[in-house]
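Hi,

Here is the structure I promised to pass on.

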Amino acid sequence: MRSAPPPSTLLDRVAAMLGAFDTGRGQMTLAELAAHTGIPRTSSYRILERLVAMKWLQRHGSAYELGPRLMELGSLALQRNSLSVAATPIVHWLHRTTGHVVFLGVLDGPDVLYLERVGGSLAQQLPSRPGSRQPAHRSAIGRSLLASDAQGLAFESSGEGGGINIIAAPIDTRGELRAGISICGRPSRVQFSQAHGAPVRQAAGAIFRALEQARRARAPFR
């Protein structure tokens, strides 16, 4: 049940409608969206149908889901995000080197927002995906960022995907944002040790150097 008053301006209402899909549910009905946002059903219907016409949402029967235009904008945002540009080759390198699923995420308020996920069949069994969120205190990446030791590793066991182990390391971004990288795999393959964490820490350092190189390239000539 909503504790805050429902949004009043049109822009706030549109933002609330789109933000409702941040709950992790792929599809939501008119009744569910109206209940989640607190916007009356009649007004909700008008907003939703306008968003469908603009391709920000799409409708399947009585259910709505994010549309192709939003996906396109989200893809462009990731492609032009300086962290994603610097980190993507290293994320793929870490996956090739270890054979494990690799996540890249940033701290956004109390949550970790995942930007990248690279892996094989195991990755498809995990609910975390690019664009999804998880409370920082429940995420290995989040705990590595919240820890006082900026160079430390965070270890986590999870029941997701039939049981996995996760090792995460923070990325030094010189204060621009708080980011981290992690590997995850079956407990028989990912063990909680400094040796298994070494490639993760190495990848975090490589991303820092790539970001520094990009900053120097953008710096004006003196």
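Below are my notes on the salt bridges and on one helix.

A word on the ground rules. This is a predicted model, where local features need pLDDT of at least 70 and side-chain atom pairs count only at pLDDT 80 or more, while totals for chains, interfaces and linings use all residues. Residues are numbered from 1 along each chain as its sequence is written, and side-chain values use heavy atoms, with hydrogens and water left out.

Salt bridges

Side chains of opposite charge can pair when their charged atoms come close. For a salt bridge, a side-chain nitrogen of Lys or Arg has to sit within 4 Å of a carboxyl oxygen of Asp or Glu. The structure has four of them.

One of these pairs Glu-49 with Arg-59, with 3.0 Å between the closest N and O atoms. Glu-49 belongs to helix 3 (residues 41-53) and Arg-59 to strand 2 (residues 57-60), so the bridge ties together parts ten residues apart in sequence. (Helices, H or I with at least four residues, and strands, E with at least two, are DSSP runs numbered from the N terminus.) Arg-59 is partly exposed, at 41% relative accessible area. On that scale, buried is under 20%, exposed is over 50% and partly exposed is in between, using a 1.4 Å probe and protein chains only.

Next, Asp-111 and Arg-133 form a salt bridge at 3.9 Å, N to O. Asp-111 is in strand 5 (residues 111-118) and Arg-133 in strand 6 (residues 133-135), so this pair ties together parts 22 residues apart in sequence. Arg-133 is partly exposed, with a relative accessible area of 32%.

Then there is Arg-143 with Glu-156, whose closest N and O atoms are 3.8 Å apart. Arg-143 is partly exposed at 30%, whereas Glu-156 is buried at 12%.

Which residues of helix 3 are buried? They are Ser-43, Ser-44, Ile-47, Leu-48, Glu-49 and Leu-51. The elements covering them include helix 1 (10-19), helix 2 (30-37), strand 2 and strand 3 (63-66), where contact means heavy atoms within 4.5 Å.

The length of helix 3 works out too: its 13 residues at 1.5 Å a residue should span 18 Å, and its end C-alpha atoms are 18 Å apart. (The expected span is 1.5 Å times one less than the number of residues.) After helix 3 comes Lys-55, with a positive phi near 70 degrees.

Cheers
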